[in-house]
Amino acid sequence: MATSISASAFLGSWATSSIAGEDHIILQAKAAPPQVRVARPVRPRPMMKNVNEGKGIFAPLVVITRNIVGKKRFNQLRGKAIALHSQVITEFCKSIGADSKQRQGLIRLAKKNGEKLGFLA
């Protein structure tokens, strides 16, 4: 007793449909739930904070100056001071013949020292 199932008969039962035309579209519309777009919750962007904020010998002076001058103007002045300091380090490296890798190391060291002393509070 061998039973044979043909592939076309099997696929035919799934592939063909007795519903055609407009009836098929109406049934699809009723069967499928409407898709609702849900917005992802807005996450606050992480703030870059100094680990030594409020610490260091110059931190109180920096905080007072920032409060008096205003945050925007203070950040402009701080940016100019950092740029000038980087130029001084670059000129120093040129005068002693240090390469760019050593110069970059000195700039990183200056930033770490500034954080420890409270200049970046």
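Trainee: Why is arginine 66 called buried?

Mentor: Buried means under 20% relative accessible area, exposed means over 50%, and partly exposed lies in between, with a 1.4 Å probe and protein chains only. Arginine 66 has a relative accessible area of 18%, and it therefore counts as buried. Please keep in mind that this is a predicted model, in which local features need pLDDT of at least 70 and side-chain atom pairs count only at pLDDT 80 or more, while totals for chains, interfaces and linings use all residues. Residues are numbered from 1 along each chain as its sequence is written, and side-chain values use heavy atoms, with hydrogens and water left out.

Trainee: Where is arginine 66 found, and which residues does it touch beyond those up to four places away in sequence?

Mentor: Arginine 66 is found in helix α3. Contact means heavy atoms within 4.5 Å, and with residues up to four places away not counted, arginine 66 touches Lys71, Phe74 and Ala121.

Trainee: What makes valine 62 buried?

Mentor: Valine 62, which also lies in helix α3, has a relative accessible area of 9%, so it is buried. Leaving aside neighbours within four places in sequence, valine 62 is in contact with Phe74, Arg78, Gly118, Phe119 and Ala121. Valine 62 and phenylalanine 74 are 12 residues apart in sequence, and their C-alpha atoms are 9.3 Å apart in space.

Trainee: How many helices and strands are there in the chain?

Mentor: Helices (H or I, at least four residues) and strands (E, at least two) are DSSP runs, numbered from the N terminus. By this rule the chain has five helices and zero strands. Of its 121 residues, 10% count as buried.

Trainee: Why are α3 and α4 called oblique to each other?

Mentor: Axes are lines fitted to C-alpha atoms, for helices over the stretch in contact, and angles run from 0 to 180 degrees between N-to-C directions. The axes of α3 (residues 59-69) and α4 (residues 71-96) come within 6 Å and cross at roughly 125°. Angles under 35 degrees count as roughly parallel, over 145 as roughly antiparallel, 65 to 115 as roughly perpendicular, and the rest as oblique. The two helices are therefore oblique to each other.

Trainee: Which residues meet where α3 contacts α4?

Mentor: Val62, Thr65, Arg66 and Val69 of α3 meet Lys71, Arg73, Phe74, Leu77 and Arg78 of α4. By class, this contact of α3 with α4 has four nonpolar, one polar and four charged residues. Here Ala, Val, Leu, Ile, Met, Phe, Trp, Tyr, Cys and Pro count as nonpolar, Asp, Glu, Lys and Arg as charged, and the others, Gly among them, as polar.

Trainee: How do you know that glutamate 91 forms a salt bridge with lysine 94?

Mentor: A salt bridge is a side-chain nitrogen of Lys or Arg within 4 Å of a carboxyl oxygen of Asp or Glu. The closest N and O atoms of glutamate 91 and lysine 94 are 3.9 Å apart, and the pair forms a salt bridge. The count by this rule comes to one salt bridge.

Trainee: What separates the two partners along helix α4, and is lysine 94 buried or exposed?

Mentor: Glutamate 91 and lysine 94 are three residues apart in helix α4, and are therefore separated by about one helical turn. Lysine 94 has 59% relative accessibility, so it counts as exposed.
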